[in-house]
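Please look at the sequence and the 3D structure below before reading on.

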Amino acid sequence: MRIVDGEGWRDVDLDGLRVGVWMPAAEAVRIVPAVTARARSVKVFQDAPVWVAPVPVRIPTVARLHLRLTVRDTWTRRLLTPGRFGGRDVIVSRSYYRALQRSNCKLITWPVYAVVTQGVRTAEGIEHRVDVLITPDPVRKALAA
Amino acid sequence: MTYDFEAMLQTIKDKQWSLADIDWDAPGAETMTDELRAKMRPFMADLVWIEHVGARGFASLATKAPTPVVKEIYEYFHAEEQKHANAELALMKRWGMLDEDGQMPEPNINVKMAIKVLDTYGDNLPLTGLAALIPLLECALDGALVKFLLDEVSDPVCHEVFRHINSDEARHITVDFQVLELIGAGPLHKTLIESASLLHPQVVLGLIVVFVPLINKMRDNIVAMGLSEQKLYNAVKRYSSIGGRGEFTRRLPAYHVLRTQASMVINRSHPYHRFLADPLVKVTSFVPARLLGRPQAWVDEVTHEPIAS
Ligand SMILES: [Fe+2]
Ligand SMILES: [Fe+2]
């Protein structure tokens with residue numbers, strides 16, 4: 001498995017590859033749409049969700065409505081709803097939720113507890129195999145050490 | 001003298017394990033005889049569903065955790081209960097208890113009703129009710145069901161899996177009761193308001209109709225399989241003795257209600273059975289599953305495959 005950071009993935013040919021995205025949600029929102037368009041399959045490991053709105057507004061109600069209208073599955077909506085300790089920031093994206101619902105993309109909210117040679121292990125006891133893992137630079141450096 | 005939830009969270013992270021750590025093809029599966037397989041299959045199916053529904057319970061608790069650290073602990077517990085369900089399904093597969101497609105066994109109507117209630121009200125139930133219910137179920141699971149399983153089955157892989165599960169459960173029970181202490185130590189008016197909201201007739205009725213027959217059916221099934229009633233009794237005693245040891249837990253009405261109900265459940269000669277539980281088991285057996293509609297997508301997430309690619 002190759003580990004690249006939040007910018008480095010742009011230099012990697014993702015065609016036909018299984019890709020994991022383990023980034024803070026605010027950054028995952030930026031890159032997941034482009035990654036799902038190129039990779040064979042994508043797993044998005046989400047630590048905590050953020051509010052997402054299609055237009056630059058700072059009103060959570062708009063984000064809530066956006067979520068309600070674009071994500072059809074009730075349980076997935078629940079996984080994408082920030083909790084009461086979550087931030088109030090709203091990230092702008094029109095394509096994030098659509099990308100998450102593509103058939104080659106899976107949202108995983110189980111806590112990641114280890115990165116192993118072939119993938120990511122999460123607390124529900126499963127090892128998720130990927131060819132490329134996109135993660136923030138400090139994490140990448142820590143894993144390489 | 002407050003409990004160190006942060007240290008507990010770190011321990012939980014350090015103790016993580018994976019289905020991939022287990023050699024599912026190791027020798028020992030042959031100890032599962034045809035007779036034992038037939039007897040244990042329904043038990044294992046119930047067990048997987050209890051873990052899976054328990055996982056959903058922790059998901060609800062996480063949305064109303066009193067602090068961010070407790071929230072993160074609950075998120076881990078949500079995942080760990082899912083892991084227990086996954087590992088137990090993998091044991092079922094190892095023992096030839098699943099059909100070709102390896103699907104989860106269908107839950108009975110009472111489990112389906114519990115799923116429906118959790119989907120509909122789970123995230124709105126007040127913290128105290130759920131926080132008091134979960135340790136009761138965990139005491140019963142840990143003290144009675146799992147002990148029964150390990151007495152019946154000698155497969156070393158099963159015992160290896162349950163060494164992990166039991167060590168997880170010991171942490172769950174510790175945290176469950178520490179959270180009750182934390183809530184009980186809060187301002188009295190707050191615990192009373194919370195408890196009063198548990199008493200909305202709709203909620204009370206829903207909980208009775210769903211959980212009373214669910215628990216009774218399991219109780220009777222398991223006793224019929226040979227679980228001694230003494231084990232059930234010990235499990236409930238553990239619930240009241242750990243809760244009673246705490247300084248503040250006894251201030252929570254929900255704790256007392258559940259403790260009383262549990263002692264009625266284990267005592268088969270109590271009128272509770274004749275007048276409430278047995279009739280409800282009968283009535284709910286006539287509820288057509290299609291009335292409940294499709295459950296939310298989490299019910300499809302259990303897997304016996306250690307590796308997902
Ligand atoms: Fe469990
Ligand atoms: Fe547990």
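Donors are the N, O and S atoms within 2.8 Å of the metal (3.2 Å for Na, K and Ca), and because water is not among the atoms, sites may look incomplete. This is a predicted model, in which local features need pLDDT of at least 70 and side-chain atom pairs count only at pLDDT 80 or more, while totals for chains, interfaces and linings use all residues. Residues are numbered from 1 along each chain as its sequence is written, chains are lettered from A and ligands numbered from 1 in the order in which they are written, and side-chain values use heavy atoms, with hydrogens and water left out.

The iron ion (ligand 2) lies 3.6 Å from the iron ion (ligand 1), and Glu81(B) coordinates both. Glu138(B) lies in helix α5 of chain B and Glu169(B) in helix α6 of chain B, so the pair ties together parts that are 31 residues apart in sequence; helices here are DSSP runs (H or I, at least four residues), numbered from the N terminus. Glu138(B) and Glu169(B) are both buried, that is, under 20% relative accessible area (1.4 Å probe, protein chains only).

The donors of the iron ion (ligand 2), at 1.7 to 2.6 Å, include those tabulated here.

| Residue | Donor atom |
|---|---|
| Glu81(B) | OE |
| Glu138(B) | OE |
| His172(B) | ND1 |

A pocket is an open set of points on a 1 Å grid over the protein atoms alone, where a 1.4 Å probe fits, with protein on both sides within 12 Å along at least five of seven lines; lining residues have an atom within 4 Å of a point. The second largest pocket is lined by 37 residues, and among those nearest its centre are Asp47(A) and Lys71(B). The largest share of this lining, 6 residues, comes from α3(B).

Conventions: Helices (H or I, at least four residues) and strands (E, at least two) are DSSP runs, numbered from the N terminus. Buried means under 20% relative accessible area, exposed over 50%, partly exposed in between (1.4 Å probe, protein chains only).
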